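Subject: A structure for you to look at

Hi,

Here is the structure I promised to pass on. Please open it next to this email and follow along as you read.

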Amino acid sequence: MIKLYIDNWEIHATEGISVLQAALDSEIYIPNLCWVREMTDPPASCRLCFVEIAGRPAPVTACTTIVENDMEVHTDTEAVRELQRTSLKLLLSAHHVDCGHCPANKKCELQNLARFLKVKLKPAEFPTYQPTGLIDTSHPHLDYNRDRCVLCGRCVNACRDKNGRPLFTFAGRGSETIVTPLFPPAGQALDKDASLVCVDLCPTGALTRKG
Ligand code: SF4
Ligand code: FES
């Protein structure tokens, strides 16, 4: 076991796990979105999980930093919160805030993050997202709504890890990026339960079950 300190609490963690997992396992919350427990190769794309570590020159992402003996981690400094707020505002600026019409309302992880970090769902610093109206209904078991997607990549990365093969991929570039389903070769069945794992992993209402 590794012994480290998070916000001055002594924590014991299994060797090889991330600072993010060690903190969450000890009920110390660090904002996060693109990471999912047991993920093999975190993409660190949401940039929400910044922490400061004594002796390191700049904040680091907790999901990609492995615990070390006697490490001193600080999750609640002004620098960390400022970085986290900026990251959340960027995510929100690529998302159509329409909570009243969204099935994830009141259970959406974006709403929880905004509440925790005291960020408005429509931050004034960034241009308001212009909805595309794009809804991909090509999948037999779920629908994808681009305007609710924050491109966190859980349905691409974590869903692949949980199912042993990719079920979604990113397509397009820049502001035109979307996620799109990957279908099995002709003649092979599409596993409904595996597909619905992706719906459950989506932190917003972007993926919804059909029917
Ligand atoms: S569909 Fe959901 S899980 Fe997939 S990238 Fe968009 S927000 Fe993330
Ligand atoms: S949870 Fe670490 S960068 Fe997204």
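This is a predicted model: local features need pLDDT of at least 70, side-chain atom pairs count only at pLDDT 80 or more; totals for chains, interfaces and linings use all residues.

Residues are numbered from 1 along each chain as its sequence is written, chains are lettered from A and ligands numbered from 1 in the order in which they are written, and side-chain values use heavy atoms, with hydrogens and water left out.

**The chain as a whole**

The protein chain has five helices and 10 strands (DSSP runs numbered from the N terminus: H or I of at least four residues for helices, E of at least two for strands). Of the 211 residues, 46% count as buried, meaning under 20% relative accessible area with a 1.4 Å probe, protein chains only.

**Pockets**

Rolling a probe the size of a water molecule over the atoms shows where empty space is left. On a 1 Å grid over the protein atoms alone, a pocket is an open set of points with protein on both sides within 12 Å along at least five of seven lines, a cavity is a set where a 1.4 Å probe fits but cannot get out, and lining residues have an atom within 4 Å of a point. Points are joined across faces, edges and corners, and a volume is the space filled by probe spheres set on them.

The largest pocket has a volume of about 240 Å³. Among its 15 lining residues, Ala104, Lys107, Val199, Cys202 and Thr204 lie nearest the centre. Strand S10 gives the largest share of this lining, three residues. The second largest pocket holds about 150 Å³, and its lining includes His95, His96 and Phe126.

**Cavities**

How many cavities of 30 Å³ or more are there? The count comes to two. The largest cavity has about 110 Å³, and His95, Asp98, Cys99, Cys102 and Cys108 lie nearest its centre. The second largest cavity has about 90 Å³; closest to its centre are Cys149, Cys152, Cys155, Cys202 and Pro203.

Happy exploring!

Key
Buried means under 20% relative accessible area, exposed over 50%, partly exposed in between (1.4 Å probe, protein chains only).
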